[in-house]
Structures are given as C-alpha cells and as structure tokens.
Amino acid sequence: MDLSLNSALLAMRRGTSRPMSRDKADTLLLLVSCGLVIAPHTAHLPIWTSIQCAALLLWRGWLTFRGLRMPPKWLLLSVSVIALGTTYLSFHRFFGREPGVAMVILLLGLKLLEMHAKRDLFVVVLVSFFVMLTNFFYSQSMGTAFVMVLALIATLTTQLSFQYTGAVPPFAMRLRMGAMILGLAVPLSLVLFVLFPRIEGPLWSIPGDGASGRTGLSDHMSPGSITDLAQSDDIAFRVKFIDPIPPQTKLYWRALIFDTYDGHTWTHSDDQHPQIGRPDLSVRGDPVRYQVTQEPTGQRWLFALDLPHSLPALQGNPATFSKDMQTMALRPINDRVRYDFASYPDYTLQANQSRNSLLQWLQLPINSNPKARAFANQLRAQSSDNAALADNLLQYFHGQHFSYTLQPPLLGDDAIDEFLFSTQAGFCEHYAGAFVFLMRAMGVPARVVTGYQGGEVNPVDGYMEVRQSDAHAWAEIWLEQRGWVRYDPTAAVAPERIQRNLVSVIPRTTLGGLITLHSGKESLLSKLRFNWEAVNNAWNQWVLNYSPEKQRGFLQSLGLKNVDWENMIELMVIIGAGVVGIMSLPLMINRQKKDPLQNVYLSLCQVMARAGYPREKYEGPRDYRLRLIADNTKLTPTRKNAIDRFLRLYESLRYADLQVQQSKSGFTQLKSLLSECK
Amino acid sequence: MFAAVKKRYVNIRNKWLYQLRDAEPGEVFLKQRRVFIMPSAAGLAFGGTLVVLFIAAANYSLSLGFVLTFLITSCGVVDMHLTFRNMAHLYLTAGQAHPVFAGEEAQFELHLINRYKYNRYAICLGFYAEDLPNLEQAADIGANATCTVNLHVTSKRRGWLTAPRVRLQTRFPLGLLRSWAYWMPDAKALIYPYPEEYSPPLPMSGSDELDGQGQAGQEDFAGVRAYQAGDSMKHLAWRQIARVDVAEGGALVTKHFEGGTKSELCLDFAQLPRTMDVEMRLSRMARWVLEAEQQGLPYSFKLGGQEFATALGPAHQNACLRALALYEGH
C-alpha cells in the first residue's frame, strides 16, 4: 500500500518535472502570441466579445495542456453561432468596421480550436497580422506601436518554432531568432515606408463607417463639445486658395448655425428647411476663390469661408443653402470630397428682415439665469444702439478677468450665470454661448455659429490645413441695415487665438491633462516635457502623418525635385535592392571553406607541380611521397628530405588518431616544412 | 518535331536551369547557383495577406498599418535570405552503401557537412526520381558539424544500383519559402541476385548418396589452426582463444575439421539447365551460396570464366555473390 502510493507520488513528480512535449509547447506559444495580438483590442471591444475571446483561448489552452481532443464540429459550429449572435447584439449590424473587427478576432479564436495541420498555423498567423492592423483603427500611438512589435516578435517566434523537424533549441534562442528576423527587417521596411508611393485613401468606404468614431463638429453645442475637438490634431479639411489668402483674422469657416438654447445645449430648430435659390445676400469687393478637400464627417454640412456667394458642385450629392447660410449637402459626407467655393469677405446678409421673421433668434429658456438677465437689462439701459451694446459686451469680456482655458470648471443649472459671475473661465463655446444669451436677453437677434477658425499653410504643398483643433464657435447678431454681423467674443478674451492658433494660447498638457507642468522653463520636468512633446510630435509628423504630400516634401528636401510615383518606385527598388544586397552579400560569395590542413597540403602540391611533379589524381600523399623521393633528376637531397618529412607529417596529421590531428604544434611544423620545400 | 523540341527544352531546363549534373566525385559544394528558392504555398498566402494589409492601410490611411505591412514584408525578405542561407554553402559527400539482395532496401549513407558558424535546421532529403516514392528524411546540422542521413531505395534488379538524384529542401525558419537543391551522390550499391525461394537442395557432387544431413565435412574435429580471414565465426575455437589474452600475444584460432573431402560441393552455373532463364539460374546460385554458408559446407563456385576454389566464410560468400550480381553472360 505504502509502496504503491510512493511510486504513484514519484510518477506524479516525474510527470510534472518532465519537459512538455513539443507539440504542447508550440501550441501554448501560439496561444500566448494570439493573446498578445488580441490584448490591445480589449480596450474597445464590447465586453462580451473580449470575454468570448479569452474563453476560447483558455479553452484551447486547457485542451492542449491536458492533451484532450479538439471539440467536435457541431460544438464548434454552435459556439460560432453564439459568437456571431453576440456580435450582432453588441453592434446591431454585421457590416461595418467595428463588427468586422470583432468578428475577425473571434474568427482567430475559433480557428485555434480547429487547428489540425501545419497549414492551419499559417492561417492563424496571417489572421493575426490582420488583427494587429485593425488595432490601428483605434490607436496609433507609440505605445501601440511598441505592443505591435512585441506581438510581431511573438508571432514570428511561434511561426519558426513550428518549423523545426528534429532538434528544437531552447525558447530563449528561438525568441532571439524571432527578434533577429524582425531586427533585420527594419532597414528594408524603413526604405519601403519612406519610398513606397502612398495612395491617397480611402479607396472605398465600408457602409456604416460614417457616423462612428470620427472626430468633428457635432450638430449641437454644449460646454465641452469643442474643447474635445481641440485635443485632436486630425485634419478637418484642406484648402487650396486660388486667390491670395485672406488674413488669419478673417478666416472664419462657417458650418453650423444654432438658434435654440435649452439652458445647457445649443441646437438648431427643425424648421430650418433648405431654401431653394440664393438668400438675400449682397456682396462687395473681390471674391476669394478656393478649393476645399474635406475629410469625411458623416454629416451633411460643408465648410465655407464667410460668406459664400454660390453653391459648390458635388457630384451626385447636390448642396443647398439654408436660409441662415449653412451649406448643406443632400447626403452625409462619408468620403473625402472636393468642392469649389467663391466667398466675399465683405458682405451684407439679409439686411431687410421683418420683426416676425427675427423672433426665432430671440428665443431663450424661461426663468433661467436671472443674474445674466439682470445684467442684460443693466447693459440695455446704457444704450439704444444694438451695435454699441455688442461692443460694450465685448469690452466687458475683455475688461473682466475672464480666462481662456481648455479645462473649464463644470457648470451647474444656471450655466450662463455661473460662467459670467463666478467661474469666468471657459472655451470659445462658453463665450459664444454667453454672448448670444446676453444679446438675446437685450432683445437683439443673435445666433451661435460653429465651424473652424484659422488654418495653417503647409509650406510644402501650399495647402492650408484646417485641423479639428481649429474648431471654433462665434456669434452673429442682426443689426438694422447691416443684416447679420459676426462678433467673436473669444477674440476679446484671447486675441492670440484668432490671430494665430490655439496652441499659441494654450500649450498642450501631457497625459490627458492629468499633469500640468507649470514649473519654470529651465526645470528638469519641463525639459522632459518638451522632449516628450518633441518625440511625440516627431512621431505624429513622421510616422502618422506621412501622407503623399509629406512624402513628396521629404524627397524634395533631399534634393529630389518633381518626383512622381514612377521615380519613387525606381528609387525604392534601387535602394531596397542595395539593402537586401548588403544583407545577402555573404551568400553571394561562393568561397569554399577548405580545411586549413588541406590548404597547406594543396599548396605543397602546387609547389611541386611548378617544379614539374604534379600530383596525379589517383595518388594519395604516401604514393606521391614515394614517387617524389624516388626521383633523382631535379630535386636536391635536402629538398627531398623536406618533402619527405612534410608528407610524412601530413599523413600522420591527416590520418592518425585524433590526438595527433588536433595538435597545434604539428600544424605549425607542417607550415614551416612547407617553406623548406620551396 | 514537337517531341524533339520538348526533349531539348527539358534538357536545357535540367542542365542549365536546375543544374542537374551527373554524379560528382568527392565533396560537392552547394554554391549559390545550385540552390533554388521559391515561395511555398504558405508564402503565396502570405503575399496575398500583404496585399490585403496594404489595401486596408491605404484605405484607412493608417500610417502604422503601412509600418506593419512593410515590416512583415521585410520579414518575408529576411526569411528568404535565411532559408537560402540554411541550404546554400553546404558540403555533401556520399558514404558507403552496403550490398543487398534484389528486392531489399539499398541504403545510401549521405554526409552533410556544415562548415559555418550557424546551425542549419530542418533540411529534408529525399530521392528525387519519377518512379520513386518521395520519402524525405529531415536533418539538423550544427555549426561546424557533420550529419549523416541514410536514404534507402528499393532495389529491383541485380547489379550496380547507382544512387538516384537527391533533392534537399528546407523551409526553415518561417516556412514562407522553399529552398531546394539537387545532388547526384557518387555512390552505388551492389545488388545481389534475389535468392530463389523454393530452390532444390544443394547439388552435392559425387554420385554416392550421402548419409545424414550433409554435415560430413564438419564432423571430424582434427585440431586447431591459426585464424585466416574468411574463416566462419562458428568455427572459431573460443575455448583456446579465451586461454590467452589477445593483448598478450594470443591469437585467434580456428577449429580445423577433416573429412570434408568425401562430398565435394561445387556450385557451377554451367550445370544448371540451359533452358532456365539466366536470372532464374543466378537466383538459384545465390540461394545455394547462402544455403551452403548456412550449413557450413565449403563450396567451390564457377560462373562463366570465374572460378573460386572451395572455401567458406563471408569473404568467399561475398565474392561469389558479387560475381553473380555482375554476371553479364547468358
């Protein structure tokens, strides 16, 4: 009894200490690398999909670890159906990017449970590559890139682990080899990255992409909506000016008009039907003609400089003006589009309006913000001229201690009151909202306009780039004879914002604003921050924004003017071939490695051949020696003696037992004998 | 006409493109020109994936997507380099091949020598001929090491069997490419005739009927004599040998028997009926040689012009079988 128990324990212990079988180890490695590939996706996947993936991986791991059989087909099929069902429940659709990504990831997990042949490994690896790529829909930060490199090394290590047929080196060595492959791949991929002609995306759009996950203006304005945009460096649209570019302070890109305020959010009421034909607009001076290349927004509005005179032509998606001069396309903009506008900076919009038609622009929520209303009445008493009232208000914003910040304090129910009299800190939407509220409270028709302000001319291609961070909100008030006139209260608070751009007013903070570093310029922290910003900026500039234009610009800076894609491919092939050539140079040289001992022997044979005694092909060293010694015509006795000793030594070195063969002294002696033979 | 063109094309392809050569004596060096490389099926799928990745990256303007695509592409190129390196610059020599009987597997010993500082893994060797099943054996060759692989081929007829062409191939490390090389080893195996299965008994000469089992010549122990090469192991006088240690001057001795003269065993090809097929006759001779050796009956052997005096033992047997294998008369 005791004995059998002991032996069982022993067997168990042996069982645990025994190295895992190769198949098991390889499969577990594959699971780990798949886990690494999937892990970053959990940040955005629906929780159920993440749980399913983890369950599939663990299931496979358990089967492998215990050496159990793969699940039968019917079970796999029902699991797939469940996976498909939960994906649909999470997204309410099958098509589109997000459900697509979720399904590819689930597919990867399911494929692991259906692996039978070596071929299936490649399927898993190739799907893994694709899953890695889809993660970039959500994040392209340096951290993501780092995780990608780790996952890639793991995948390569797994792939090569499966290729061994006999001896398998330890894991560390395989890992090193995987990393080495990736390391060797870096120079060539750098060449490809820099020189591969970039194609301007998108090539097509997947249905349902439009609305989700895009940054851009929204169809309402509440505190924070533009602040969020200000963090994004994405390009909203690019503009190519045909006429000279107007000054920065005139660059108001108009998109949306808001008329309704509910105490928290500005929206536009539903009766803003598109109007056929041109609104009542008179223009003066020269037009500014330009071409806008707009990134997809998933929304209908277009961007025009204040104030466009004629409608742009969009293919298959006609645009109209609404009566308050919003330019709307018929359908959402889901692709990058290009359209032409001609705007007149000097204009009069709807100068003749009946009092009734202006009532819409005086709406205010009842019984809210009493302090603001009282303040408005106070201002109203000062002047009867609406324009003067507006100027006074701007003066007020300018004079008081209002500050312009991306991190405004939260506001309560009477948001305008709190903003005006207690927090006094906000972003453009706060100022525009408060301004319009006060003007309305004074009985002046006013409205909020959102869009973009400013833009930066790219010196490389001359395009003006307008980014999400240029998003802005301002106000328009209606004045007798003059119509709708633009007032920008933000300009009163932070003039630099309008004259230059946002970054000049509010420096970026790190880690999502958790750490604001206000120490002096010379401090270590701030130096670190500047460095980090520089690295981040370089990453953004050189990796993330390496667009076709940037590529052309970079090549131009290298002195390559007018490079078209054909030149680029030529250049890429030449430099790429160079890199590959350097890498494979050792393989190109067909130098046979000879045994050093044989080399010495062969040189003696050469010496003898020159002396007129070539070694015959059938002759071994001994026969050769005997023939040479027997010769009495040309060779002197001393030379013959040397040859004799050389060949005897060679014979013993070559054919005697290992100890003699490996002696270094014998070899050096042989070499010295060779010189005697000459 | 067409056949001639095709033949010429195949010839050019084999000689020039595939560098198929006849057996080369000595060490064969797999220089770069002799090693070929093409994507495997997995490699083609890999290429397809790259295209998909590129399109996805371009469509969504994913810069990191481009980085990933190009990195993976370059990994493929590095894999090409490594797969080629795994095969190229290998040294090959053929070892010995032991004689076998027709129908048995002839074994060829092949040596792969790696004179480089890196290990080579998963090199598969197999005979490459149309009529041979493609059975491959995998080998790993350490840095500065030699690896021996035994490949076998079923022998069909007697005579010399030259080693068929060998194909070496490898997909290591990533399996995306297949690198291969052809090599005709300079090796041949001697194939003895197939020993007839149900042959008549040994043709004991002398008209008199012999008594017993034909062990006559072995029965009368007549003392011991010094060992001679070719003496059967069965007849070594182990007791005598054990008395004196070989290291101290002891020698192998063989038991000497007398009385074998009574029944002379002569295996003479010419004695077999001429109506029999030559191969059948050779086959029967081979069986008799084996039979005689097994029974320990010394025998003389006559085949065409070749004659071997009465003897016994492996050397004698091998000489006889060799003569049978290489017989060219009728």
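Two strands are taken to pair if DSSP finds at least two bridges between them, and the helices (H or I, at least four residues) and strands (E, at least two) named below are DSSP runs numbered from the N terminus. In that sense B:Cys124 stands opposite B:Gln169 in E10(B). This is a predicted model, in which local features need pLDDT of at least 70 and side-chain atom pairs count only at pLDDT 80 or more, while totals for chains, interfaces and linings use all residues. Residues are numbered from 1 along each chain as its sequence is written, and chains are lettered from A and ligands numbered from 1 in the order in which they are written.

**Chain B overall**

- Chain B contains six helices and 17 strands.
- Of the 330 residues in chain B, 35% are buried, a residue being buried if 20 or more other C-beta atoms lie within 10 Å of its own, exposed if 12 or fewer, and partly exposed in between, with C-beta atoms placed from the backbone.
- Among the contacts in chain B between residues at least 6 apart in sequence, 71% join residues at least 24 apart; two residues are in contact if their C-beta atoms, placed from the backbone, lie within 7 Å.

**The five-stranded sheet of chain B**

- An open sheet is formed by five strands of chain B in the order E2-E11-E10-E6-E7, with antiparallel pairing.
- Strand E2 (35-39) and E7 of chain B stand at the edges with a single partner strand each, so one side of each is left without a neighbour in the sheet.
- From one strand to the next the twist averages 30°, where axes are lines fitted to C-alpha atoms, for helices over the stretch in contact, and angles run from 0 to 180 degrees between N-to-C directions.
- H3(B) packs on this sheet and touches E2, E6, E10 and strand E11 (177-183) of chain B, and the direction of H3(B) makes about 25° with that of E11(B).

**Strand E6 of chain B and its partners**

- E6(B) pairs with E7(B) in the antiparallel sense over four bridges, and in E7(B) the bridge partner of B:Cys124 is B:Ala138.
- E6(B) is also joined by five bridges to strand E10 (residues 166-170) of chain B, the two running antiparallel, and B:Phe127 stands opposite B:Val166 in E10(B).
- Six of the eight residues of E6(B) are buried, so E6(B) is largely enclosed by the rest of the structure.
- B:Ala122 is found in strand E6 of chain B and has a phi near 50°, a positive value in a residue other than glycine; B:Ala122 is buried, with 21 other C-beta atoms within 10 Å.

**The contact between chains A and B**

- The contact takes 47 residues from chain B and 47 residues from chain A.
- On the side of chain B that touches chain A, helix H2 (41-59), helix H3 (63-87), strand E6 (120-127) and strand E7 (137-141) each supply at least two residues, and H3(B) gives the most, with 18 residues.
- The residues on that side of chain B divide into 31 nonpolar, 10 polar and six charged, where Ala, Val, Leu, Ile, Met, Phe, Trp, Tyr, Cys and Pro count as nonpolar, Asp, Glu, Lys and Arg as charged, and the others, Gly among them, as polar.

**A helix pair in chain A**

- Helix H6 (residues 118-134) and helix H7 (residues 142-161) of chain A have axes that come within 11 Å and cross at roughly 175°.
- H6(A) and H7(A) are therefore roughly antiparallel to each other, given that angles under 35 degrees count as roughly parallel, over 145 as roughly antiparallel, 65 to 115 as roughly perpendicular and the rest as oblique.
- A:Val125, A:Ser128 and A:Met132 of H6(A) make the contact with A:Met148, A:Ala151, A:Thr155 and A:Gln159 of H7(A), and by class this contact has four nonpolar, three polar and no charged residues.

**Backbone features to inspect**

- Most residues other than glycine have a negative phi, and most peptide bonds are trans.
- A:Asn369, in the loop between strand E12 (346-349) and helix H10 (370-382) of chain A, has a positive phi of about 50° although it is not a glycine, and A:Asn369 is buried, with 25 other C-beta atoms within 10 Å.
- A cis peptide bond with omega about 0° joins A:Asp306 and A:Leu307, and A:Leu307 lies in the loop between strand E8 (304-305) and strand E9 (319-322) of chain A.
- The peptide bond from B:Phe172 to B:Pro173 is likewise cis, with omega near 0°, and B:Pro173 is found in the loop between E10 and E11 of chain B.
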